[in-house]
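Keep the viewer open as you read.

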Amino acid sequence: MTDSKVKARCNLFAVLRGIEYLVENDSECAELVKGKNLSIQFNVKNGPSGNLSFKDGKAEMKEGKHRSTILLFFTSPDHFNKMIDGTGNPIPLKGFTKIGFLTGPFMKLADKLNYYLRPEGDLLKDPEYFKMNTEMTAYAAFFALAEIGNYDRMGRMSAHHMPDGVLQVMVEDGLGVQVHVKNGTLSCTKGHHDDPRAILSFKTLDVAHRVLNGQLDTYTGLGNGEMAMRGFIPMLDNMNPLLDLVPLYLS
């Protein structure tokens with residue numbers, strides 16, 4: 001059973017964070033925010049707060065309450081989750097003159113997010129789409145993993161047993177995600193770390209895609225050489241139960 005507050009955190013800091021990637025890697029999305037200098041504050045009663053800003057052609061998601069151009073309020077975590085699912089609407093409290101950005105560019109960004117994260121038909125046969133889908137899914141999964149490890153009851157038990165250090169998840173010659181562990185608290189960043197304590201690597205993007213979509217389990221991948229673990233293995237052992245919880249929150 002999932003916790004609605006944890007799901008709201010995953011939706012805000014893992015799913016919506018995907019807009020950062022879209023603006024950086026999709027030319028149509030980059031054009032939508034070209035020349036924009038504004039931010040959207042999401043405040044969820046009894047839930048998380050986050051700020052999505054657009055400046056100099058880039059998007060950035062930050063946790064907490066920050067100065068904003070637009071302020072959107074949600075009466076509960078369930079209310080926010082319904083917006084992400086497309087069945088609910090936010091309550092705007094500030095930025096009424098910028099509503100056009102919400103109903104225009106922002107909605108198009110949200111639609112593009114859904115387009116890449118929920119493939120339909122033969123879209124995955126397109127190599128560029130496949131790359132975008134897999135990388136966005138990976139970022140969403142591991143940023144969600146950090147939220148689950150910090151706030152889900154079962155997740156906290158696993159995170160508590162993870163040794164301190166940086167766990168590098170990577171595709172060889174490709175994407176990188178860092179899971180930072182400090183006193184049982186997890187955080188996630190993009191990129192490659194100079195000195196990780198442990199590494200989980202996928203031989204190709206296709207291998208990462210199959211693992212993230214439940215088509216290949218880690219034990220088989222490690223056994224046939226499509227995946228590899230190096231460094232302090234206990235970090236990886238305690239991460240696996242967290243990975244099992246991710247689909248429950250991102251489904």
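A nonpolar core, as used here, is a set of buried Ala, Val, Leu, Ile, Met, Phe, Trp, Tyr and Cys residues joined through side-chain atoms within 4.5 Å. Bear in mind that this is a predicted model.

**The core**

With that in hand, the largest nonpolar core has 71 residues, and I19, F42 and F54 have the most contacts inside it. Helix α6 (residues 127–151) supplies the largest share of this core, at 12 residues. Where does the core lie relative to domain 1 (4–117) and domain 2 (126–248)? Both domains give residues to it, so the core lies between them. As a bit of background, nonpolar side chains in soluble globular proteins tend to be buried together.

Leaving out residues up to four places away in sequence, I19 touches L52, F54, A59, F106, L109 and L113. F54 is found in strand β2 (residues 49–55), and counts as buried because its relative accessibility is 1%.

**The five-stranded sheet**

Next up is an open sheet of five strands, ordered β8-β7-β6-β9-β10, with mixed pairing. Its edge strands are β8 (185–190) and β10, each of which pairs on one side only. From one strand to the next, the twist averages 15°.

| Strands | Sense | Bridges | Opposite residues |
|---|---|---|---|
| β6 (residues 165–171) and β7 (residues 176–182) | antiparallel | six | V166 and H180 |
| β6 (residues 165–171) and β9 | parallel | five | L167 and A198 |
| β9 and β10 (residues 227–231) | antiparallel | five | I199 and R230 |

Helix α8 (residues 205–212) packs on this sheet, touching β6, β9 and β10. The direction of α8 makes about 100° with that of β9.

**The cysteines**

How many disulfides does the count come to? The count comes to zero. A disulfide would need a pair of cysteine sulfur atoms within 2.5 Å. For C10, the closest cysteine sulfur belongs to C188 and is 12 Å away, which is too far for a bond. Seen from the other end, C188 is in no disulfide, and C10 has the nearest cysteine sulfur, 12 Å away.

Are these two cysteines buried or exposed? C10 is buried, with a relative accessible area of 0%. C188 also counts as buried, because its relative accessibility is 12% and the cut-off for buried is under 20%.

How values were computed: Residues numbered from 1 in each chain as written. Predicted model: local features only at pLDDT ≥ 70, side-chain atom pairs only at ≥ 80, totals over all residues. Heavy atoms only, no water. Buried < 20%, exposed > 50% of the residue type's maximum accessible area, 1.4 Å probe, protein only. Helix = DSSP H or I, 4+ residues; strand = E, 2+ residues; numbered from the N terminus. Domains from an automatic or database assignment. Contact = heavy atoms within 4.5 Å. Pairing = 2+ DSSP bridges. Axes fitted to C-alpha atoms, helices over the stretch in contact; angles between N-to-C directions.
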